Amino acid sequence: MIRRPRRSCLYMPGTNARAHDKARELACDVVIFDLEDSVAPEAKAEARNRIVACLDAGGYGARELVVRINHPATVWGRDDLAAAARAGAQAVLLPKVTGAEDVRVAGRVLDDLGVAARLWAMMETARGVLDAPAIAESHPRLALFAMGLEDFAKELHADTAPPRMAMLYALERTVLVARAFGLGVLDGVYPAFDDDAGFAAACAQGAALGFDGKQLIHPRQIAAANAAFAPSAEAVAEAHRIIAAFEAARERGAGIAVLDGRMIEALHVDEARTLVAFAEDIAARG
Ligand code: COA
Ligand code: MG
């Protein structure tokens, strides 16, 4: 499986031109231009125009460009969807997805427009998390789940405080369903952007749970997310040792190898090769 780097996915309000310019130099893997909750109702149209202008102007290099739209049932949602997709956003992030039909409706609009954009779904309602498998299969454009823990906690009457005990079932379920259907999956934001220690702990937990990366709200969160969601130098070195041990065993005609008292099978070698390729992809980004 090819893993696309999505370690750091930085939101910026659609109205913040300074942030849009800065993003061309920031080390984030993904830029998420927001039209939803960070933009006031009276500024929605202006924000949409600004984002379209950014997408037209380009200059974002290898960064994946995503637009979070307002829900298609709002007065802005349909226009957001068409504008983002026509302007060349690589993905459109759908907020507050409650079921497969939300994604299907958006997918049909994109099909009719004949554009290439994928769909990403925010998992931030109880119905959405429960119906994750149906959402995952709803439309071939659906490519990723993004946890929305602030809205989710509000709906659950639950707490997002570390170590996120009240969220664990939803986090694990979303990762499980994403992997079962070959989707990407992003952990939620950490709103206290000055709390470096808390953020590092949240990233470590997200990486351990299996997320591809973290949604971010501030540039100062990028470096820690990039480190937490990339293979460590030790892991890469270990992967090379696994590959070498297995190749040596194959040359001797054996189907399995032993390394440091552990059994190494073909599946471990596949995993090691994927990790090395992912690390090389990240290194190539500089
Ligand atoms: N993307 C890009 N650049 C950003 C940024 C972001 N999300 N947040 C801040 N910056 C830039 C600022 O423009 C500023 O640049 P400058 O010093 O070169 O002018 C620099 O980083 C420092 O910003 P700072 O003063 O620390 O932040 P702030 O207090 O002005 O803003 C927030 C704090 C939280 C309001 C802001 O970071 C933000 O809007 N984040 C995104 C919110 C969002 O999109 N939410 C929706 C998803 S949950
Ligand atoms: Mg939300």
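This is a predicted model: local features need pLDDT of at least 70, side-chain atom pairs count only at pLDDT 80 or more; totals for chains, interfaces and linings use all residues.
The chain falls into two parts, with domain 1 covering residues 8-228 and domain 2 covering residues 233-284. Between the C-alpha centres of domain 1 and domain 2 there is a distance of 34 Å.

Glu124 sits in the loop between strand E5 (118-123) and helix H5 (126-130), while Asp151 belongs to helix H7 (residues 149-156), so the two residues tie together parts of the chain that are 27 residues apart in sequence. Glu124 and Asp151 are both buried.

Searching the whole structure for cavities of 30 Å³ or more gives one, and the largest cavity holds about 40 Å³ of space. Its lining is made up of Leu35, Arg48, Ile51, Val52, Leu55, Val67, Asp80, Ala83, Ala84 and Ala87. Helix H2 (44-57) and helix H3 (77-86) each contribute at least two residues to this lining, and H2 provides the largest share, with four residues. By residue class, the lining of the largest cavity comprises eight nonpolar residues and two charged ones, with no polar residues. For a reader browsing the model, Arg48 and Asp80 are the charged members of this lining.

How values were computed:
Residues are numbered from 1 along each chain as its sequence is written. Chains are lettered from A and ligands numbered from 1 in the order in which they are written. Side-chain values use heavy atoms; hydrogens and water are left out. Buried means under 20% relative accessible area, exposed over 50%, partly exposed in between (1.4 Å probe, protein chains only). On a 1 Å grid over the protein atoms alone, a cavity is a set of points where a 1.4 Å probe fits but cannot get out, and a pocket is an open set with protein on both sides within 12 Å along at least five of seven lines; lining residues have an atom within 4 Å of a point. Grid points are joined across faces, edges and corners, and a volume is the space filled by probe spheres set on the points. Domain bounds come from an automatic or database domain assignment.
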